[in-house]
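This briefing goes through a structural model by topic. Chain-level figures come before individual residues.

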Amino acid sequence: MFELSSESVEEVKKQMARFETIESAIIPSLYAVQKQNQGWINDEAIEALSKVMQIPSSRINEVFKFYTMFNQKKVGKYHVQLCGTLSCHINGAPDISDFLCQNLDIGLDEVTADGKFSISRVECLGSCGTGPMMQVNETYYESLTPELALSILKGLP
Amino acid sequence: MSEIKILSQYYDKPEFQFLEGYKQNGGYQMLEKALKMQPQEIIDMVKASGLRGRGGAGFPTGMKWGFLPKNGEPRYLLCNADEGEPGTFKDRMMMEKAPHQLVESMIISSFAVDSHKSYIYVRGEYYKSISILNKAIEEAYKAGYLGKNILGSGFDHDMDVYQGAGAYICGEETGLISSLEGKKGQPKLKPPFPAIQGYLKKPTIVNNVETLASVIPILRDGVQEYRKYGTEKSPGTKLFSLSGNVKKPGNYELALGYPLKSLIYDLGGGIKAGRSLKAVIPGGSSAPVLTAEEVEKANLDYESLSGLGSMLGSGAVIVIDDSQCMVDCLANLTHFYHHESCGQCTPCREGTGWLDKITHRILAGQGRMSDIELLVKVADNMKGRTICALSDAAALPVLSFVTKFRHEFEYYVKEGRSLVKGKVLYHGQMHH
């Protein structure tokens, strides 16, 4: 059974007091839950959040499922999001995607056996002048080649 | 002709990210000046400057501010920093390099429109921008630029940052409001416009990052000086995000009316060796594509680009060289719009899906000749029939690509492979 940590509860309560309405706290609270649950959110986590916020889980769910940054399934310790939109695409993003998947031996939206990496192809991340690029957890890595992207990932602890 | 660094004057110097460095270079002097003015004077200056929204729609800013009802209700100012239009990366630069410029401009604008609370809605992925803005806001509170009785003026204002969570549609102003209210980021039917009924049904102004930042030079240099740059109908300077197959991509601040060709060849260093220009998307992915021939006569302002059947949009210039397959480029964009449609209106939800499916069927070498007309038909049926502009934004690239590069689509269908790349570019495993 998933339970919100005292840290998460504190964060959710802080967010609930931050805005004009408590509903505005749903998105920031989902971030807190996702952080506690290693980068993704399941039904149990939504239930737990629903109890703390006193908002029906269906209401939280509709927000959770609308936004792409909330992960509906397990991700790696390092969640790699490769931009695949036009400027990155015409500068070699597909090659990076293929190269990383091959070398990490996973497909898109899969997690490596050791749980360290997952890779997704995402839409424009606003780094078009320095593409191709990837976001690893919260950090942008820009002006990539396939080899550079792989060496960045290999260098992560 | 070259770059004009007004909004971007702080970009090269890291110390400007912090209050001290910003202040040493004139920062917050315009706030002091503004607080001694009548709010209406500021609104009048913004109106007279001819400033138009820099997020994409190009709506006159002063006029937007003028729509606020005078009924004493609390008002909100929302800064739209949900930068997501493919090709656009100017607001990120502005937030990372000169956060105080945005904070100061927002306090001034809030004073002008009599708002005591503002939010900067930043797209969720911009963690760096968010942390830099939070720090800047903290510094501004400590210095007395935010909070109660700002600089002894009697004006109170609070500012906060809201982290989005990944949805292009939240860059649409009413989608942004829905998201800030803790809902799915679905746009709302207008009227009522946000200025009458916006965030929490209260009068609300939503302005793009660059639009708000432009208020400072207007106030500092005066309307006449501001209008020295640009054209009669498109006054001032604007940031252009240059990307794609060009040697020196990046953000360039230019007077509106600057020749597109000069941005690509002079500032941008031109096309990579051995290649030639094929097409340019001049205003973000929603703007109809221009051929190399049209680029020759295009200027970067509202009227020139709309005269060519395209638009200035967010100022994102995506350069496409002759090594690219236009069927592939269009399929990339149809996938984007399909992914980003909020699902609220049927023509968009279904239409973007069909455009995605049909372009990928052609890309897989399985297209039929009738698919080209089908694309046009579907796109035509998506225009002007939905709550927001996403549906039109998805349809316009399709119509322009298919019309202007029809031979590439016909070849792909007939031969089952790309005219440019000589092979099938898609093997059925659709990425999501």
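**Overview**

The model is a predicted one. Chain B has 18 helices and 11 strands. With a radius of gyration of 22 Å, close to the 22 Å that the globule rule gives for 432 residues, chain B is as compact as a globular protein of that length.

**Chain A**

- The C-alpha trace of chain A spans about 50 × 30 × 25 Å along its principal axes.
- Of the 157 residues in chain A, 58% are buried.
- Residues at least 24 apart in sequence make 61% of those contacts in chain A that join residues at least 6 apart.
- Chain A has an accessible surface of about 7000 Å², and carbon and sulfur atoms hold 50% of that surface.
- The charged side chains of chain A are 13 positive and 20 negative, and the centres of the two sets are 4 Å apart.
- The domain assignment divides chain A into domain 1 (6-66) and domain 2 (78-154).
- Taken over C-alpha atoms, the centres of domain 1 of chain A and domain 2 of chain A are 28 Å apart.

**Chain B**

- Along its principal axes, the C-alpha trace of chain B spans about 75 × 45 × 35 Å.
- In chain B, 62% of the 432 residues are buried.
- Among contacts in chain B with a separation of 6 or more, 69% are between residues 24 or more positions apart.
- The accessible surface of chain B is about 15900 Å², with 51% of it on carbon and sulfur atoms.
- Chain B carries 51 positive and 48 negative side chains, and the centres of these two sets lie 3 Å apart.

**Domains of chain B**

- The assignment for chain B lists domain 1 (14-226), domain 2 (237-284 + 291-317) and domain 3 (326-415).
- The centres of domain 2 of chain B and domain 3 of chain B, taken over C-alpha atoms, are separated by 24 Å.
- In the contact between them, domain 2 of chain B supplies 5 residues and domain 3 of chain B supplies 6 residues.

**Helix α5 of chain B**

- Helix α5 of chain B covers residues 90-97 and is largely enclosed by the rest of the structure, because 6 of its 8 residues are buried.
- The buried residues in α5(B) are B:K90, B:D91, B:R92, B:M94, B:M95 and B:E96.
- B:E96, in helix α5 of chain B, has 10% relative accessibility and so counts as buried, the cut-off being under 20%.
- Apart from residues up to four places away in sequence, B:E96 touches B:Q17, B:K128, B:S129 and B:I132.

**Strand β2 of chain B: B:Y119**

- B:Y119 is part of strand β2 of chain B, residues 117-122.
- The relative accessible area of B:Y119 is 1%, so this residue is buried.
- Leaving aside neighbours within four places in sequence, B:Y119 contacts A:F19 and A:E20 in chain A.
- In chain B, the contacts of B:Y119 beyond four places in sequence are B:L77, B:L78, B:C79, B:M106, B:D160, B:L180 and B:Y199.
- B:Y119 and B:L78 are 41 residues apart along the chain, and their C-alpha atoms are separated by 5.0 Å.

**Strand β4 of chain B: B:V206**

- B:V206 sits in strand β4 of chain B, which covers residues 204-208.
- B:V206 counts as buried because its relative accessibility is 4%.
- Not counting residues up to four places away in sequence, B:V206 touches B:K64, B:L78, B:N80, B:E173, B:L176 and B:I177.
- B:V206 and B:Q38 are 168 residues apart in sequence, and their C-alpha atoms are 22 Å apart in space.

**Helix α8 of chain B: B:S178**

- B:S178 belongs to helix α8 of chain B, residues 173-180.
- With 3% relative accessibility, B:S178 counts as buried.
- Beyond residues up to four places away in sequence, B:S178 touches B:K183, B:K184, B:G185, B:Q186 and B:K188.

Conventions. Residues numbered from 1 in each chain as written. Chains lettered and ligands numbered in written order. Predicted model: local features only at pLDDT ≥ 70, side-chain atom pairs only at ≥ 80, totals over all residues. Heavy atoms only, no water. Helix = DSSP H or I, 4+ residues; strand = E, 2+ residues; numbered from the N terminus. Rg over C-alpha atoms; globule rule 2.2 N^0.38 Å. Buried < 20%, exposed > 50% of the residue type's maximum accessible area, 1.4 Å probe, protein only. Contact = heavy atoms within 4.5 Å. Areas by Shrake-Rupley, 256 points an atom, 1.4 Å probe, with all protein chains shown as cover. Lys, Arg positive; Asp, Glu negative; His and termini not counted. Charge placed at Lys NZ, Arg CZ, Asp CG, Glu CD. Domains from an automatic or database assignment.
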